[in-house]
Amino acid sequence: MVKIVAKELDLPVFKAAATQYSKTGYDGDSVPSMLVSLYQAANEDLEKAQNGILIIDEIDKTVTFQADQGFGKAVLHELLKILDRDVIQVELDKLTGEKLLIDTSNLTVIMMGSFDDLYELKQKENRTMGFNSSSGDSSKIRLTEEDLIKWMGPEFVGRVDDIVSTDVLSMKDV
């Protein structure tokens with residue numbers, strides 16, 4: 001859907017998997033390199049890139065993927081710079097040291113995730129015992145903003161403008 005809308009509006013789109021990124025200075029792609037990729041998707045048109053759409057998938061995995069300090073929640077912390085709607089300096093070419101300033105104030109950032117671990121945690125919290133206990137059907141569990149704040153932290157969730165939840169699709173829906 002996003003790609004169709006972006007095409008109609010003539011906006012560049014870049015989709016990143018959050019688990020592939022690390023804190024700046026660690027092995028792996030740095031979070032600011034997402035902006036470089038968006039700039040490249042805009043055919044190096046800075047104006048278009050600054051008004052583009054950045055999709056970050058698997059955002060929920062950054063909380064559970066903490067094999068090293070440079071990953072996991074460190075990625076969330078690095079993403080704050082983009083979500084702060086500020087001008088960010090990015091390195092276009094490591095060999096030449098060429099840099100670019102990208103204003104993220106008009107950037108649309110869409111973060112997605114299945115939040116399976118959070119659903120599982122909430123399901124365990126809601127589980128009851130006894131004759132009237134429920135099976136804990138996760139499709140009936142609704143995550144709240146408070147759940148996300150506990151999971152990802154108030155400094156991150158507080159910078160997100162809108163939180164949208166979708167229902168689980170059944171084979172009938174497809």
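Two strands pair if DSSP finds at least two bridges between them, and strands themselves are DSSP runs (E, at least two residues), just as helices are DSSP runs (H or I, at least four residues), both numbered from the N terminus. With that in hand, let us walk through this predicted model, in which local features need pLDDT of at least 70, side-chain atom pairs count only at pLDDT 80 or more, and totals for chains, interfaces and linings use all residues. Residues are numbered from 1 along each chain as its sequence is written, and side-chain values use heavy atoms, with hydrogens and water left out.

The protein has 8 helices and 7 strands. Of its 174 residues, 34% are buried, where buried means under 20% relative accessible area, exposed over 50%, and partly exposed in between (1.4 Å probe, protein chains only). A contact here means heavy atoms within 4.5 Å. Among contacts between residues at least 6 apart in sequence, 63% join residues at least 24 apart.

Now look for the sheet. Three of the strands form an open sheet in the order E1-E4-E7, with parallel pairing. Strand E1 (13–17) and strand E7 (108–111) stand at the edges with a single partner strand each, so one side of each is left without a neighbour in the sheet. On average, neighbouring strands of this sheet are turned by 15° against each other, direction ignored. For angles like this one, axes are lines fitted to C-alpha atoms (for helices over the stretch in contact), and the values run from 0 to 180 degrees between N-to-C directions.

Which residues face each other across the strands? E1 pairs with E4 (residues 53–57) in the parallel sense over 5 bridges. Val 13 stands opposite Ile 53 in E4, and Ala 16 has Ile 56 as its bridge partner in E4. Helix H2 (residues 32–41) packs on this sheet, touching E1 and E4, and its direction makes about 150° with that of E1. On to the other pairing: E4 and E7 join in the parallel sense over 4 bridges, and the bridge partner of Ile 53 in E7 is Thr 108. E4 is mostly covered, with 4 of its 5 residues buried.

Next, find two helices that cross. Two packed helices are described by the angle between their axes and the distance between the axes. Helix H6 (residues 116–126) and helix H7 (residues 145–152) pack at an angle of about 110°, with axes 11 Å apart. H6 and H7 are therefore roughly perpendicular, a label for angles of 65 to 115 degrees. At their contact, Asp 117, Leu 118, Leu 121 and Lys 122 in H6 meet Asp 147, Leu 148 and Trp 151 in H7. These residues divide into 4 nonpolar, no polar and 3 charged.

Helix H5 (residues 73–83) is mostly covered too, as 8 of its 11 residues are buried. Among them are Ala 74, Val 75, Leu 76 and Glu 78.

Finally, visit some residues with a positive phi. Just after H5, Arg 85 takes a positive phi of about 60°. Asp 10, in the loop between helix H1 (2–9) and E1, has a phi near 55°, a positive value in a residue other than glycine. Asn 43 also has a positive phi, near 55°, and lies in the loop between H2 and helix H3 (46–50). Is Asn 43 buried or exposed? At 70% relative accessibility, Asn 43 counts as exposed.

Methods: Parallel < 35°, antiparallel > 145°, perpendicular 65-115°, else oblique. Nonpolar A, V, L, I, M, F, W, Y, C, P; charged D, E, K, R; others polar.
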